Amino acid sequence: MNIFPGSKPVTSGNYLPHAEFPWLMAVALVAIVPHFPHLPYWIITVTLSILLYFFLRWQQGYHATSVWIKVPVALCVAAAIAIDFSYNFQFDKASIAALTFCICIKLLELKGRRDVMVIVALGYFLLLTHYFHSQDFLTGIWLFVSALVVTSALLHLYDDPARPALKTLKTAFIMLLQAIPLALVLYLLFPRVDGPLWGIQRMQSSQTGLSGTMRPGQISKLVESNEIAFRVQFQDHIPPRRQLYWRGPVLSNYDGRSWTSNDYRRQEPSIEARGAPARYSIILEPHNRPWLLPLEMPISFSGIPNAYFTSSGVLQSQQPITNRTRMEFVSHPEYRMDRGELSRFARRNNLQLPDGRNRRSLAFAEQLWAENPTPEQMAERLLRFFRDEPFYYTLDPPLLGANAVDDFIFNSRQGFCEHYASAFVVLMRAAGVPTRAVTGYLGGEVNPVDRVLTVRQSAAHAWAEFWTVENGWTRVDPTAVIPPERIAPEILNQQNDNSPELTDIALDALNWLQRARYYWQALDNHWSQWVLDYTPERQRELLSRLGISDLKKISLFFAAVTILFLILVALFILRKQRKSIEPAWAVWLSACKKLNRQGIETPSWETPLALVERLQTTYPNRLELNAALSRLARLVYAVRYENMPVPIRILKQARKQLPGAGSNA
Amino acid sequence: MASPLKNLIDQAETVIFGKRLEITLALACFLAKGHLLIEDLPGLGKTTLARALARLSGLSFSRVQCTSDLLPADVLGISVYERERGEFRFLPGPIFSQVLLADEINRATPKTQSALLEAMEELQVTSDGETRALPQPFFVIATQNPAHQIGVFPLPESQLDRFSLRLTLGYPNAGAERALLTADSSQARLDHLEAMLSTEEIIRHQEASQTVFVAPALLDYIQAVLTASRQNALFKHGLSPRAGLSMLAIARAIAYLDGRKAVLPDDIQAIMPSVACHRLRLRQNDEPARPEDIEAMLRGVPIP
């Protein structure tokens, strides 16, 4: 008989209130929806159908779905996942697909609280896997909100079902906030893993970036991507846009179709700095290639232990960049490189042309060289040629034939930067001037909020360098001479975003949307700089600043502290429990349990003596039990109510004398 | 120590047959310095019980038969002018005795009822600006007919709370009934009784009974029972703190009468119907709570 009607919610047992269902649905949705862009269509369809089916089932009074439906569906989906993902061993993607399916099908077999715990645990785990796709600030916020939903679902399970959802959310929010200090401590002090977490690298290996070769159409494809290539923070002023050439791979080898690099020699180029230096740091997004993309031309750098220059002045690291990497540079936008003398290898390499191709261009170059017999004049003449003739700068140029440069110069006259750089280098080489193509990035966008320069893939560019005895390698950007009316509007728009002086965007002059965009970018930038870029090196640096040099020792120390803390908490809880149940009463309660096992009820409101009397009347034949229980009850009374010093040992002995379940005679 | 009290109960049982538990409770109420309300139909031995207790404990006894024309002065006393001496003289009313039987208290008017109950609570009477202490010990036994008879003024809850204990004697069982029929008249039996205690001894027992040990766990239990009575949807109101004090005092007295030095949870459960029934009213029909309601409430409170 429940004499407190409605005063206590039912929170015990395995009973699962239907009020929990909307929460479970929400958990499934927040856990799987962000995966949809990365999952095949069929699995999205399957999961959404299951969710819809669950919703309908729940509206009509829920019953767990029959095994005869669940098992075949599960087997089919497992087989489909195995087939769909097996061709290139995408184990990580396959497991995410499988988990997405699991959390949905679990909704069809809810029988009790246990099943809810499974869904909540799966939900938390799936949240973690969102980081495989993206780690930016927005994902962080989304995960916080998702964790809020999953935690609320868990809270709601143990709460009064009638409690409003908003209150549950509020409690969960407070709990998550309370967890933040611990998360911070773990984040700062837990040993960092060198390299990406399993899965993340492969999931993100589709990153775009300079490929190290140059073919018609390759860079223009890259330009369509809005992904961030790297961010730059200048220490003082930002150089003007016309100087912001970020140097990537230098390509000297031409086979008539694509440009490749054949320069593997480590050799520091001789750089003669002129003008003021620019000091800056670059946070490079992982691109799976070794080059580091500094501003032309770097004279010193730090942050990458094993970086080196190739002989053509490309700064590379020994391993491909697979993590977000931060480096410090000092560059001189005005410089002279490799003055005076060029090695035989370099000369031959930078005059090489494929045999028997582009004959018309070669003849044309010889003709121009006759009129302009110095390299500078020749370069000047070529630029004038591109400017004056109807050359167009466009993102989708027509396809070119076997004699690509001939086709471009005399027929199509439409191209992207790689066409111009390629044509320029071929013509210069035909005239006998050592010339090479350089790929990299041009410009960038400055955020007026934090003055961080963001360079996106859309800023990918190609230009050329020719060599003279007096000046060394001189940069020439043939696309820069195309007048605006012959530039495709989409390219022009992109460039218009950046006025020639990059720094003069006044925040006040922008509308609120643009301003908000800049603030958001600044926030995202801080996120990647301070949260994502917390590498093992930075951790070591922080720890050494705290006076801790050995990470292994500190790990052990923290493990010890944590274990000690947990033991203390456990002891505290145990002691509290012991205080609340005094030993004599604990003996009595355990004796009651012993009786319960024999089918004798011991209601908590019944006094021990009343119980003894009741048993004596209901089981008059069980003399042994009655005698032992009566003795124990008297002892318990003596200790608990009469303040008599009876040793607990005697009580325990009396309890032992209670006949067990076996002796029902 | 307790054995003279046991003898006293034995003796009382020779007058009121088969009501040992009620006699014990009544005596416990006396030891706990409480007052007793007996609710019953007429002729079930309420008066006999009161007289027996008074006689056996050697205390002065008086009786007031309450009627609707009974005035406060009839109970408390009155000042009369004595011409010979030229001054007022206070003639104490029946309340100036150690055991007062207020028969059928619900037939008195509320004015008289409250005068009586105030005196009972404060152990003094104020009349004509003069305060007179009542004799010690002072024990009121009020009897009441069940309220649904005509021409009664049922005691309000605030007054009921002043009675520590309420008893119903009920009909005697067959054996007791037979004994009643064959024995001498009750008056004759009362005359046989002799005082077994002096006033000093009574006061000593009263004090000694209240030193009985109560384990902290049982104080918790009393508190839990009080809380349960307040939270239980069965009842209109919960038990008052005064009810808790009565519970404690009477449980001690019961243990003392049983010759024990400590209160047991069984004591508290045993006295609960007598302590709580008259103080609680059912939400359902506004009737006084029945012993089974109290038992239902106790089933929600685990023994600590």
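This is a predicted model: local features need pLDDT of at least 70, side-chain atom pairs count only at pLDDT 80 or more; totals for chains, interfaces and linings use all residues.
**View 1. The largest nonpolar core of the model.** This core has 104 residues, and those with the most contacts inside it are A:Val636, B:Ala26, B:Leu27, B:Ala28, B:Leu53 and B:Ile250. Its largest share, 11 residues, comes from helix α11 of chain B, which covers residues 241–257.

**View 2. The contact between chain B and chain A.** On the side of chain B there are 22 residues in contact with chain A, and on the side of chain A there are 16 residues in contact with chain B. The elements of chain B that give two or more residues to this side are α10 (216–231), α12 (265–276) and α13 (291–298). Sorted by class, the side of chain B that touches chain A has 15 nonpolar residues, 4 polar residues and 3 charged residues.

**View 3. The loop between β7 and β8 of chain A.** Strand β7 of chain A spans residues 278–284 and strand β8 spans 298–302, and A:Met297 has its place in the loop between them. The peptide bond that leads from A:Glu296 to A:Met297 is cis, with omega near -10°. A:Leu293 lies in this loop between β7 and β8 of chain A as well, and its phi is near 60°, a positive value in a residue other than glycine. A:Leu293 counts as buried because it has 26 C-beta neighbours inside 10 Å, where 20 or more are needed.

**View 4. A cis peptide bond in chain B.** Here the bond that joins B:Gln136 and B:Pro137 is cis, and omega is about -15°. B:Pro137 lies in a loop of chain B, between strand β7 (130–133) and strand β8 (139–144).

**View 5. Helix α13 of chain A and the residue that follows it.** Within this helix, the buried residues are A:Ala404, A:Val405, A:Asp406, A:Asp407, A:Phe408 and A:Ile409. What covers the buried residues of the helix includes α11 (359–371), β14 and α14 (417–430), which also belong to chain A. The helix is followed by A:Arg413, whose phi is positive, near 55°. The place of A:Arg413 is in the loop between α13 (404–412) and β14 (414–415) of chain A. With 17 C-beta neighbours inside 10 Å, A:Arg413 counts as partly exposed, because this class lies between 12 or fewer for exposed and 20 or more for buried.

**View 6. An open sheet of 3 strands in chain A.** The strands of this sheet follow the order β1-β5-β4, and their pairing is antiparallel. At its edges stand β1 (213–214) and β4 (253–254) of chain A, each of which pairs on one side only. Strand β1 of chain A pairs with strand β5, residues 259–260 of chain A, in the antiparallel sense over 2 bridges. Across this pairing, A:Met214 stands opposite A:Trp259, a residue of β5 in chain A.

Methods
Residues are numbered from 1 along each chain as its sequence is written. Chains are lettered from A and ligands numbered from 1 in the order in which they are written. A nonpolar core is a set of buried Ala, Val, Leu, Ile, Met, Phe, Trp, Tyr and Cys residues joined through C-beta atoms within 7 Å. Helices (H or I, at least four residues) and strands (E, at least two) are DSSP runs, numbered from the N terminus. Two residues are in contact if their C-beta atoms, placed from the backbone, lie within 7 Å. Ala, Val, Leu, Ile, Met, Phe, Trp, Tyr, Cys and Pro count as nonpolar, Asp, Glu, Lys and Arg as charged, and the others, Gly among them, as polar. Two strands pair if DSSP finds at least two bridges between them.
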